[in-house]
Amino acid sequence: MEPEPVSTAEQALRRLELTVTRRLDGLLHGAHQGLLPGPGSEAGDSRVYVPGEDDVRRMDWNVTARTTVPHVRDLIADRELETWALADLSPSMDFGTADTDKRDLVVAAVGAIGFLSSRMGDRFGALVLHDEHLHRMPARTGRPALYGLLHSLMDAPRGRVVPDPPDLAEGIDVLAASRRRRGVRLIVSDFLDAHPTLDPDEERPWERPIRRLAARHQVLAVEVIDPRELELPDVGRVAFTDPETGNVREVHLSPKVRQAYADAAALQREGTRAALRRAGIAHLVLRTDRDWVFDVAQFVLRQRHMSHLAHRRPK
């Protein structure tokens, strides 16, 4: 009896899992129990309180009374968390001019965090922004459930122009309201607003919802970009189509126009960085022309190094 042929999507998911387990799993975990360093619910060791860095709500009053020196108690991350991802599959994600599409990077980012979380026994669920709907995929444990979730993301049709689609801010609000138990929240999007502003100090529409989400959960924002969104090539006259509205406009890409576009794109990205920094959100950038596995590994190692410096005992 001949074995059933493996579909292209199944092969892609198996390659993704193999990439994560080979290149990320052993490198990133070490002594940490989660993808990112953060507090949990299990009591750990006591250490000297550092003013301005430690939360006074974690003060260890017993050790403080015995030593007459303020001490706090570290928390060890939970072994079974509930991780939720908000995947942006709006029409602007169906774009890519380099090695892959932005949509493929969304699947890769969700898959990387999902495979690493499932290996630790965490439940993993997702909300998906697609067309006029906000789809909910319940949190489950195990490899088959994660494969089913990723299959749904890969098989989702290309985005289409719809009236009044849900935006990123609405998706974040639903993510915050649907599951109150503390855990990791992943937001994968290009963070492009329908009416963008070039003032980095101006509040973004999704900034307040993501700040409320971060007050209760550990949040990671993954910004997905394509190099053509940062600068335009010197190709003369081009017809541009807005994927969110369907509007078409012809533009002659003169040096002046290309420079103005590059400046505007830089301001838009700086505004995204500033908004996430104000909200206290970990920010990872994935590009379609770079090795996303290397970028994820470098980001996590950098985050853990910063966490180590913030929690080491003062001399």
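In the hairpin of β4 and β5, which has 2 residues between the strands, aspartate 131 takes a positive phi near 55°. The model is predicted: local features need pLDDT of at least 70, side-chain atom pairs count only at pLDDT 80 or more, and totals for chains, interfaces and linings use all residues. Residues are numbered from 1 along each chain as its sequence is written, and side-chain values use heavy atoms, with hydrogens and water left out.

Aspartate 131 lies in the loop between β4 and β5. Strands (E, at least two residues) and helices (H or I, at least four) are DSSP runs, numbered from the N terminus. The positive phi of aspartate 131 occurs although this residue is not a glycine. Most residues other than glycine have a negative phi. Aspartate 131 is also buried, with a relative accessible area of 12%. Here, buried means under 20% relative accessible area, exposed over 50%, and partly exposed in between (1.4 Å probe, protein chains only).

Strand β4 covers residues 123–130. Of its 8 residues, 8 are buried, so β4 is largely enclosed by the rest of the structure. Arg123, Gly125, Leu127 and Leu129 point one way from the strand. Phe124, Ala126, Val128 and His130 point the other way.

Two strands pair if DSSP finds at least two bridges between them. Strand β3 (residues 82–88) pairs with β4 in the parallel sense, over 7 bridges. Tryptophan 84 stands opposite glycine 125 in β4. Strand β5 (residues 133–140) runs antiparallel to β4, and 6 bridges join them. Leucine 127 has arginine 136 in β5 as its bridge partner.

A positive phi is also found at phenylalanine 191, with a value near 55° in a residue other than glycine. Phenylalanine 191 sits in the loop between β6 (184–189) and α6 (207–214). This residue is buried, with a relative accessible area of 1%.

Helix α6 has Glu207, Pro209, Ile210 and Leu213 as its buried residues. Seen down the helix axis, these fall within an arc of 165°, so they line one face of α6. The arc is that of the directions from the helix axis to the C-beta atoms. An α-helix has 3.6 residues a turn, so residues three or four places apart point the same way. The cover over the buried residues of α6 includes α5 (168–178), β6, β7 (218–225) and α7 (255–279).

How values were computed
Contact means heavy atoms within 4.5 Å.
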